[in-house]
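Please look at the sequence and the structure below, and then read the report that follows, which takes up a few local features before turning to the chain as a whole.

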Amino acid sequence: MAQNTVEKTPVTLLGLGAMGTALARTWLAAGHPLTVWNRTPARAAALATEGAGVAGTAAEAVAANTLIVLCLLDDTSVAEVLAGIDLTGRDLVNVTTSTPAQARARAEWARERGARYLDGGIMAVPPMIGVPEAGGYVFYSGSRELFERHQETLSVPAGTTYVGEDAGFAALHDVALLSAMYGMFAGAAHAFALIRKEDIDPAALAPLLADWLVAMAPAVHQTAGQLRSGDYTKGVLSDLAMQVAGIPTFLSTAEQQGVSPELLSPYFELMRRRLAEGSGEEDLTGVIDLLVN
């Protein structure tokens, strides 16, 4: 067992918030030699008892290993923590939440300092880390060679999905998926608000709502196909004209239930604009073009 531990890639992890701590524990459990550092040293104490080496400074942690994983608060924190540290020959894997532009700038910043760079977007919450059946994974973008070199180690905490050489693509995929998630949450919030004052158990509505959202989810594939072909009328089941005609029913129901329509109104307004500018025979895909500046 000791021999297998030595053979596994050593990892340095900077940042021990909830996510960083979850990452650390999965690497330790898998037998990877781990060096950790955190601004607040107390957070490293428990990991030390589990076998992690605790560095006194970020510079010491970076010097300890070639593979450096960054799981910090934000891009500014990355700049502050690594300021003045020799990064020559280091493999930086940055899973700190950032924007695509920040990721691209950070990749160039790393290159100028003699380091290789891979950006990551974590599609999981801490309890999903180290639990394969939970379905969590991490988007990675940047150097394909670097990703392939460390894929086995990076796949220990969660699944890995490489999305391209452009360092900004992991962050872009991350935000795109999370944006869709918040849209879904907004719709669910409106649905629960509609029944809030009625004698309807929210727990009874929940499974109906969840099943309906699951049933509607495959529509994204048709949207993608229409965007690719440019034909927004292909395969349409409920055209734009019909759906716009139904908007007053949604708004009137909200008014009657004493519910603000503010979560739905912006989308309905886009639908109306698209109908005025485009074809009533289209799907809802044309709304996307109205969003793009």
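## Helices α12 and α13

In this predicted model, the axes of helix α12 (residues 247-256) and helix α13 (residues 265-277) come within 11 Å and cross at roughly 160°, where axes are lines fitted to C-alpha atoms, for helices over the stretch in contact, and angles run from 0 to 180 degrees between N-to-C directions. The angle makes α12 roughly antiparallel to α13, since angles under 35 degrees count as roughly parallel, over 145 as roughly antiparallel, 65 to 115 as roughly perpendicular and the rest as oblique. Helices (H or I, at least four residues) and strands (E, at least two) are DSSP runs, numbered from the N terminus.

The crossing of α12 and α13 is left-handed, a word used if the near helix is turned anticlockwise from the far one by less than a right angle, with right-handed used if clockwise. In this pair, I247, F250 and L251 of α12 meet S265, F268, M271 and R272 of α13, contact being defined as heavy atoms within 4.5 Å. By class, these residues are five nonpolar, one polar and one charged; Ala, Val, Leu, Ile, Met, Phe, Trp, Tyr, Cys and Pro count as nonpolar, Asp, Glu, Lys and Arg as charged, and the others, Gly among them, as polar.

## Helices α5 and α6

Helix α5 (residues 75-82) and helix α6 (residues 100-112) have axes that come within 11 Å and cross at roughly 15°, which makes α5 roughly parallel to α6. Their crossing is left-handed. From α5, the residues D75, V78, A79 and L82 meet Q102, R106 and W109 from α6, and this contact has four nonpolar, one polar and two charged residues.

## Helix α2 and its surroundings

Helix α2 (residues 18-29) has 12 residues and reaches 17 Å from its first C-alpha to its last, close to the 16 Å expected at 1.5 Å a residue; the expected span is 1.5 Å times one less than the number of residues. Nine of the 12 residues of α2 are buried, a term that means under 20% relative accessible area, with exposed meaning over 50% and partly exposed in between (1.4 Å probe, protein chains only). Among the buried residues of α2 are M19, T21, L23 and W27.

What do the buried residues of α2 pack against? They pack against β1 (11-14), β2 (34-37), α3 (45-49), β4 (67-70), β6 (116-123) and α7 (144-154). Just after α2, G31 takes a positive phi of about 90°.

## Two loop residues

S98 lies in the loop between β5 (91-94) and α6, and it counts as buried because its relative accessibility is 9%. Leaving aside residues up to four places away in sequence, S98 touches A103, D119 and A171.

V125 is found in the loop between β6 and β7 (137-142), and with a relative accessible area of 47% V125 is partly exposed. Although V125 and M19 are 106 residues apart in sequence, they are 7.2 Å apart in space, C-alpha to C-alpha.

## The chain as a whole

The protein chain has 14 helices and eight strands, and its C-alpha trace spans about 65 × 45 × 35 Å along its principal axes. Of its 293 residues, 39% count as buried. Among contacts between residues at least 6 apart in sequence, 59% join residues at least 24 apart.

Residues are numbered from 1 along each chain as its sequence is written, and side-chain values use heavy atoms, with hydrogens and water left out. Because the model is predicted, local features need pLDDT of at least 70 and side-chain atom pairs count only at pLDDT 80 or more, while totals for chains, interfaces and linings use all residues.
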